[in-house]
Amino acid sequence: MCGIAGIVSLNGSPERLEKEIRAMNHLQSHRGPDAEGIWTDHEAKVALGHRRLSIIGLGEEGTQPMTDGRRWLVFNGEIYNYRELRQELGTENFQTSTDSEVILLGYEKWGEKVLDHLIGMFAFAIWDPQERRLFAARDRFGIKPFYFTSSNGVFRFASEAKALLPFLPTI
């Protein structure tokens, strides 16, 4: 079990963005006691957070948010057929032995149709700074949770609803 979180904002300060993603990560700290990662793009007003429970790629190679040099990924779950997908995508293209990287390279090759290739339980989000686009998905059965909210020009997502609660508008 890992925890993912993210913010895509049309407004707000970079300082607030970083403070919020850290708070969201903290509220999910029990989901990933092995490591914490945060990535922010202050210009685009995007932040990604990850709490890691190490299962595959136990060393630093599994650190998230993960990048392929262009896009950024946060991922919770397990891709059961990642070894087969590595072969299909060309093992020489990989920097790690993680199932996370299969999602990134699969997205590069197939776009959103990467979902047609993934067998497993997962929730993930990919931010593409060049396209200024967030692509988020979860497995067909919803085994891995993906909660989200959108209000006042800010889209937030997390593995647990409680990570979103402090940022919901009050009535």
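How many salt bridges does the structure hold? The structure holds 10 salt bridges, a salt bridge being a side-chain nitrogen of Lys or Arg within 4 Å of a carboxyl oxygen of Asp or Glu.

1. Basis of the note. This is a predicted model, in which local features need pLDDT of at least 70 and side-chain atom pairs count only at pLDDT 80 or more, while totals for chains, interfaces and linings use all residues. Residues are numbered from 1 along each chain as its sequence is written, and side-chain values use heavy atoms, with hydrogens and water left out.

2. Length of helix α1. Helices (H or I, at least four residues) and strands (E, at least two) are DSSP runs, numbered from the N terminus. Helix α1 comprises 14 residues (residues 14–27), which at 1.5 Å a residue should span 20 Å; the expected span is 1.5 Å times one less than the number of residues. The C-alpha atoms at its ends are 20 Å apart, which agrees.

3. Buried means under 20% relative accessible area, exposed over 50%, and partly exposed in between (1.4 Å probe, protein chains only). In α1, the buried residues are Leu17, Glu20, Ile21, Met24 and Asn25. They cover an arc of only 135 degrees around the axis, which puts them on the same side of α1; the arc is that of the directions from the helix axis to the C-beta atoms. Glu15, Lys19 and His26, on the other side of α1, are exposed. The buried residues of α1 pack against β1 (3–9), β2 (35–41), β3 (46–52) and β9 (154–158), where contact means heavy atoms within 4.5 Å.

4. The side chains of Arg16 and Glu20 form a salt bridge (2.8 Å, N to O). These residues are four apart in helix α1, so about one helical turn separates them. Arg16 counts as partly exposed, at 37% relative accessibility, whereas Glu20 is buried, with a relative accessible area of 9%.

5. Salt bridges between distant parts. The side chains of Arg51 and Glu36 meet in a salt bridge (3.8 Å, N to O). This pair links distant parts of the chain, with Arg51 in strand β3 and Glu36 in strand β2, 15 residues apart. A further salt bridge joins the side chains of Arg70 and Asp128 (2.7 Å, N to O). Here Arg70 lies in the loop between β4 (66–67) and β5 (72–79), and Asp128 in strand β6 (residues 120–128), 58 residues apart. Salt bridges that share partners join Asp68, Arg70, Arg71, Asp128 and Glu131 into one network.

6. Aromatic pairs. The structure holds eight aromatic pairs. Rings of Phe, Tyr and Trp (its six-membered ring) pair if their centres lie within 6.5 Å; planes under 30 degrees apart count as stacked, over 60 as edge-to-face and the rest as tilted. The ring centres of Tyr107 and Phe135 are 5.3 Å apart and the planes are at 20 degrees, so the pair is stacked. Tyr107 lies in helix α3 (residues 99–110) and Phe135 in strand β7 (residues 133–138), so the pair ties together parts that are 28 residues apart in sequence. Both Tyr107 and Phe135 are buried. The rings of Phe155 and Phe157, with centres 6.4 Å apart and planes at 40 degrees, form a tilted pair.
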